[in-house]
Amino acid sequence: MSMSHIDMCAHHTMSKEDAQQAADELARDLAEKFSIDYGWDEDHIHFERPGVHGRITVGEKEIRIKARLGLLLA
């Protein structure tokens, strides 16, 4: 059994603060829809729930989402 990986990157032209706000809104929406716990650690949002965990990294020019999905969610 193996886990599936997600690695997505989107470039942006927002200020870093606006990009962080957009990432926080995304995490909040995912938390409500899928019962995901999340929290900030500097420029990263870590998220998890049974069967999935990952992070959203907010950079000056890009937002990257990396996640690992358990077998049942793959």
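**Notebook: sheet, helix and salt bridges**

I began at the hairpin of strand 3 and strand 4, which has two residues between the strands, and found Gly 51 with a positive phi near 95°. The model is a predicted one.

**Strand 3 with strand 4**

I then looked up how these two strands pair. Strand 3 and strand 4 run antiparallel and are joined over six bridges. Glu 48 has His 53 of strand 4 opposite.

**Strand 4, face by face**

I went along strand 4, residues 52-58, and noted where the side chains point. Val 52, Gly 54, Ile 56 and Val 58 point to one face and are buried.

**Strand 4 with strand 5**

Next I checked the other neighbour of strand 4. Strand 5 covers residues 62-69 and pairs with strand 4 in the antiparallel sense, over seven bridges. The two strands form a hairpin with three residues between them. I looked up Ile 56 again, and its bridge partner in strand 5 is Ile 65.

**Strand 2 with strand 3**

Strand 2 and strand 3 are also an antiparallel pair, with five bridges. Here I found Gly 39 opposite His 46 of strand 3.

In which order do the five strands lie? I read the order as 1-5-4-3-2, in an open sheet with antiparallel pairing. Strand 1 (4-11) and strand 2 stand at the edges with a single partner strand each, so one side of each has no neighbour in the sheet. From one strand to the next, the twist averages 15°.

I then placed the helix. Helix 1 lies across strand 2, strand 3, strand 4 and strand 5, and it runs at about 160° to strand 2.

**Salt bridges**

How many salt bridges does a search of the whole structure find? I got six. I looked up several of them in turn.

I took Asp 43 and Lys 16 to begin with; their side chains meet in a salt bridge at 2.8 Å, N to O. Lys 16 has a relative accessible area of 19%, and the cut-off for buried is under 20%, so Lys 16 counts as buried.

The next pair was Arg 28 and Asp 24, with a salt bridge of 2.8 Å, N to O. They are separated by about one helical turn because they are four residues apart in helix 1. Arg 28 is partly exposed at 40% relative accessibility, while Asp 24 is buried at 17%.

I also looked up Lys 33, which forms a salt bridge with Asp 29; the closest N and O atoms are 3.3 Å apart. Both residues lie in helix 1, four residues apart, about one turn of the helix. Lys 33 has 58% relative accessibility and is exposed. Asp 29, at 32%, is partly exposed.

My last entry concerns shared partners: salt bridges join Asp 7, Glu 62 and Arg 64 into one network.

Conventions. Residues numbered from 1 in each chain as written. Predicted model: local features only at pLDDT ≥ 70, side-chain atom pairs only at ≥ 80, totals over all residues. Heavy atoms only, no water. Salt bridge = Lys/Arg side-chain N within 4 Å of Asp/Glu carboxyl O. Buried < 20%, exposed > 50% of the residue type's maximum accessible area, 1.4 Å probe, protein only. Pairing = 2+ DSSP bridges. Axes fitted to C-alpha atoms, helices over the stretch in contact; angles between N-to-C directions. Contact = heavy atoms within 4.5 Å.
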